[in-house]
Amino acid sequence: MRGGKKTIHAIITWMRRQPPKAKALIAVLLGMTALVLLRIIVHDHDNLFVAAEAVHSLGISVLIYKLIKEKTCAGLSLKSQELTALFLAVRLYCSFVMEYDIHTLLDLATFATTVWVIYMIRFKLRSSYMNDKDNFAIHHVAIPCAVLALFIHPSTSHHLLNRIFWAFCVYLEAVSVLPQLRVMQNTKIVEPFTAHYVFALGVARFLSCAHWVLQVLDSRGHLLVALGYGLWPSMVLISEIVQTFILADFCYYYVQSVFGGQLVLRLPSGVV
């Protein structure tokens, strides 16, 4: 067991010494390796989407535990939760009018818990909310997402407004975690429950991205055609990849902290 820990520690130490471009290349290679392994191990790739939802639910459970038991919302971004509630609300509307299925119920449960988290931060635990650290201007992401949705959206037979809303929630979901990362960057120190929650988001988004990539490969590109024509199919895939890479850096430091035996995660400057 000790030998294994020493090996992992040696790998992490070696990674730490690499320049940023080398780290990025290694991250891409590791991601591609993980995709190949998932394609071999998981026969029904729809299970990856279910796994992503399960991991996301686990992360929310950790967040709820923090708020109820620890009675503090320190380190959490209210703005990130509000962006999450916004894209979920839009996606729920689109699901009801466009393609109601089991994922609609999952989104409804996630939306309800997110609204509850917002309520706890705004009213019950407001004294512990780090308002000065949660300084990300959400209009810097909401407005560009809305503008992008106006020009690049699905080419289905649904009403134009519904198609724009659907594109908006896809784009907004990809960047909704940015305020949370800004809070952690501002504080430099991330307590365990918040770190577990954000890491769960990272894992969930990787599994969701893997689901889409493998589905495209399995269908030999026909899935992209089924999504419509123009830039929209590519933007869906790019949004999934962006979500994964936004959290990749944090996940690296999280794993490094866990194997280093540190209960509190310390982020160096420039992670976000």
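Predicted model: local features only at pLDDT ≥ 70, side-chain atom pairs only at ≥ 80, totals over all residues.
The chain contains eleven helices and two strands. Along the sequence, these elements follow the order α-α-α-α-α-α-α-α-β-α-α-α-β. Of the 272 residues in the chain, 44% are buried. When contacts between residues at least 6 apart in sequence are considered, 77% join residues at least 24 apart.

Helices α4 (residues 78-98) and α5 (residues 102-124) pack against each other, with axes that come within 9 Å and cross at roughly 150°. Angles over 145 degrees count as roughly antiparallel, and α4 is therefore roughly antiparallel to α5. The crossing of α4 past α5 is left-handed. On the α4 side, the contact is made by Leu 78, Gln 81, Glu 82, Thr 84, Ala 85, Leu 88, Ala 89, Arg 91, Leu 92, Ser 95 and Phe 96. On the α5 side, the contributing residues are Thr 104, Asp 107, Leu 108, Thr 110, Phe 111, Thr 114, Val 117, Ile 118, Ile 121 and Arg 122. By residue class, the contact of α4 with α5 comprises eleven nonpolar, six polar and four charged residues.

Four aromatic pairs were found in a search of the whole structure. A pair of aromatic rings is described by the distance of the centres and the angle of the planes. One of the pairs is formed by Tyr 119 and Phe 123, whose ring centres are 5.5 Å apart. The planes of these two rings lie at 40°, so the pair is classed as tilted. Tyr 119 and Phe 123 both belong to helix α5, and because they are four residues apart there, about one helical turn separates them. Tyr 119 has a relative accessibility of 39% and counts as partly exposed, whereas Phe 123, with a relative accessible area of 58%, is exposed.

Another pair involves Tyr 171 and Trp 232, with ring centres 6.1 Å apart. Their planes are at 70°, so this pair is edge-to-face. Tyr 171 lies in helix α7 (residues 160-175) and Trp 232 in helix α11 (residues 232-259). The two residues are 61 residues apart, and the pair thus links distant parts of the chain. The cut-off for a buried residue is under 20% relative accessible area. Tyr 171, at 3% relative accessibility, is therefore buried, and Trp 232, with a relative accessible area of 3%, is also buried.

Definitions and conventions
Residues numbered from 1 in each chain as written. Heavy atoms only, no water. Axes fitted to C-alpha atoms, helices over the stretch in contact; angles between N-to-C directions. Parallel < 35°, antiparallel > 145°, perpendicular 65-115°, else oblique. Left-handed = near helix turned anticlockwise from the far one by under 90°. Contact = heavy atoms within 4.5 Å. Nonpolar A, V, L, I, M, F, W, Y, C, P; charged D, E, K, R; others polar. Phe/Tyr/Trp six-rings, centres within 6.5 Å; stacked < 30°, edge-to-face > 60°. Buried < 20%, exposed > 50% of the residue type's maximum accessible area, 1.4 Å probe, protein only.
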